[in-house]
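Please consult the sequence and structure shown here alongside the text.

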Amino acid sequence: MNRIDHAFQRESRGHRLIPFITAGDPNKETTLDLIRLLDAEGVTAIELGVPYSDPLADGPVIQAASDRALAGGMTLAGVLELAREARQDGVQTPLILFTYYNPVLRWGPASLVKAAFDAGFDGFIIPDLPLEESGELDRIAQEAGLHLIPLVAPTSRERIRAIVSTRRGGFIYCVSSLGTTGMRREFADGIESFLDEVRRQSTVPVAVGFGISHPDHVKRMTEHADAAVVGSALVKRVESLGERLKQSESRPQALDEVRRFIRELSGRDVPATSGK
């Protein structure tokens with residue numbers, strides 16, 4: 001069974017959480033430590049973002065993280081290698097490759113699906129790949145046992161059935177607000193009824209992301225969805241700890257701050273211990 005499907009079937013302590021981190025920000029070693037930390041905290045899945053120079057769906061926080069990672073030399077091949085090392089370290093949490101379609105096209109869809117499977121990924125999120133153009137990649141991914149996770153926006157109401165009807169596993173990614181990623185105080189009007197409608201029509205779990213940055217957001221959204229995706233808020237936290245995360249002496253305490261944030265978001269406000 002695909003790890004994503006297994007993760008949604010198992011019991012979860014607190015709210016189901018899917019964190020997004022930008023691979024290579026602030027460096028490769030820290031990304032590996034963050035993957036290990038999130039795995040130990042029992043998150044539902046980890047979105048590992050491929051840094052990209054023109055991330056149309058991402059707001060300024062993730063754009064800046066992409067710039068830092070690219071400046072540090074991170075590439076799509078490097079992200080695959082990060083996943084491979086994480087699996088070799090024993091990480092069991094589902095890993096989702098978050099990338100734009102141009103790198104997929106340049107690599108070759110079939111070759112990339114094989115490389116992602118070999119590296120230990122379980123699925124893809126490609127925000128600029130519309131349903132109408134996703135058929136070939138979806139087929140190749142399904143044949144390899146990976147899931148292509150579709151995005152559904154509040155403006156997609158009339159297309160929900162078409163988008164969710166082809167799913168055989170994984171989850172539906174509902175966008176909470178229009179525009180790019182980023183922390184928000186308000187979500188789209190009618191977000192709860194939108195999530196309820198997707199949930200009624202979908203045979204697979206429903207996750208919601210874009211703008212979720214506070215424990216109250218996670219609690220509110222997971223009353224209508226099966227998981228919450230937290231991206232910019234976590235990336236911003238990593239950015240604020242960047243220099244401490246890069247130094248071996250200060251890294252354990254900085255990782256503890258990330259751990260505490262994850263526990264707060266997931267509804268498990270347990271005091272963190274020092275170390276990884």
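## Basis of the model

The model is predicted: local features need pLDDT of at least 70, side-chain atom pairs count only at pLDDT 80 or more, and totals for chains, interfaces and linings use all residues. Residues are numbered from 1 along each chain as its sequence is written, and side-chain values use heavy atoms, with hydrogens and water left out.

Helices (H or I, at least four residues) and strands (E, at least two) are DSSP runs, numbered from the N terminus.

In strand 1 (residues 17-22), 6 of the 6 residues are buried, so the strand is largely enclosed by the rest of the structure. Buried here means under 20% relative accessible area, against over 50% for exposed and partly exposed in between, with a 1.4 Å probe and protein chains only. In a regular strand the side chains alternate between the two faces of the sheet. Leu17, Pro19 and Ile21 point one way from strand 1, while Ile18, Phe20 and Thr22 point the other way.

Two strands count as paired if DSSP finds at least two bridges between them. Strand 1 runs parallel to strand 9 (residues 227-230), to which 3 bridges join it; Ile18 has Val229 as its bridge partner there. Strand 1 is also parallel to strand 2 (residues 46-49), again with 3 bridges, and Ile21 stands opposite Leu48 of strand 2.

Strand 7 pairs in the parallel sense with strand 6 (residues 151-152) over 2 bridges and with strand 8 (residues 206-209) over 4 bridges.

## Packing of helix 3 and helix 11

Two packed helices are described by the angle between their axes and the distance between the axes. For helix 3 (residues 60-71) and helix 11 (residues 232-240), the angle is about 50° and the axes are 9 Å apart. Axes are lines fitted to C-alpha atoms, for helices over the stretch in contact, and angles run from 0 to 180 degrees between N-to-C directions. Helix 3 and helix 11 are therefore oblique to each other; angles under 35 degrees count as roughly parallel, over 145 as roughly antiparallel, 65 to 115 as roughly perpendicular and the rest as oblique.

The contact (heavy atoms within 4.5 Å) involves Val61, Ile62, Ala65 and Arg68 of helix 3, together with Ser232, Val235, Lys236 and Glu239 of helix 11.
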